[in-house]
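Work through the exercises below with the sequence and model at hand. Each task is followed by its solution.

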Amino acid sequence: MSERDDQSGPSEQAPPPMPGPKSLLDSIFRDGGPMPPARISLRLGAALLDIVLLLIVTGFIAWKIAVPMSYPGALAEFLEISQSISPKEAIEEWVLTDAPPEELSENLQQAITYAFELQLTLFWIYFAVGEAFFGGSSLGKRLLRIRTVSTVTLDKPTILIGIVRGGTKTLILFLPIAALANLIVLFFNKRKQ
């Protein structure tokens, strides 16, 4: 028996030590903490809202404004080709021969490349501006009431970080392997970063 057990009267034992965070950031960015990490479902929902909005807006800008101004006749040619073949036949031919269903003119090929690059750039600008200038949130994030904060200042990201994060998000959207790598990191990171 220990001395404490031999004494009469109420015993005052110290409570067992609580497993605590290993760093200050762990105490802030934890479930139940002052700034808990956003659930992955909220992040994916915000990304989906942003993607739908961006595809509509950038598609309109690229195909209704920029392409007709830079490549006259390309949109009419694209519409003519798309109406002349059925989608099923086009996909089957494209998969089996590893080539587009019809030979596209040089003008249309350049227009498609230009539209894609323009949309890519507009995605990057949208995400970078949202991160750096709108309190770390895009429209999708605002609708779902989440935002990005700096782990150094606990404030909105800096302009440089906003540009880098905007580029990273854009790459994740257009490269499926990058999106998969990002999800794996989220699942295995204790702060869900």
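A residue is buried under 20% relative accessible area, exposed over 50% and partly exposed in between, with a 1.4 Å probe and protein chains only. The model is predicted: local features need pLDDT of at least 70 and side-chain atom pairs pLDDT 80 or more, while totals for chains, interfaces and linings use all residues. Residues are numbered from 1 along each chain, and side-chain values use heavy atoms, without hydrogens and water.

**Exercise 1.** State what share of the protein chain is buried, and describe its secondary structure.

Solution. Of 193 residues, 25% are buried. Helices are DSSP runs of H or I with at least four residues, strands runs of E with at least two, numbered from the N terminus. The chain has nine helices and zero strands.

**Exercise 2.** Describe how helix H3 and helix H6 are arranged.

Solution. Two packed helices are described by the angle and the distance between their axes. Axes are lines fitted to C-alpha atoms over the stretch in contact, and angles run from 0 to 180 degrees between N-to-C directions. The axes of H3 (residues 40–70) and H6 (residues 106–133) come within 9 Å and cross at roughly 135°. Angles under 35 degrees are roughly parallel, over 145 roughly antiparallel, 65 to 115 roughly perpendicular, and the rest oblique. H3 and H6 are therefore oblique to each other.

**Exercise 3.** Which residues of H3 and H6 meet?

Solution. Contact means heavy atoms within 4.5 Å. Among them, Leu 53, Trp 63 and Val 67 in H3 meet residues of H6 including Ile 112, Leu 118 and Phe 123.
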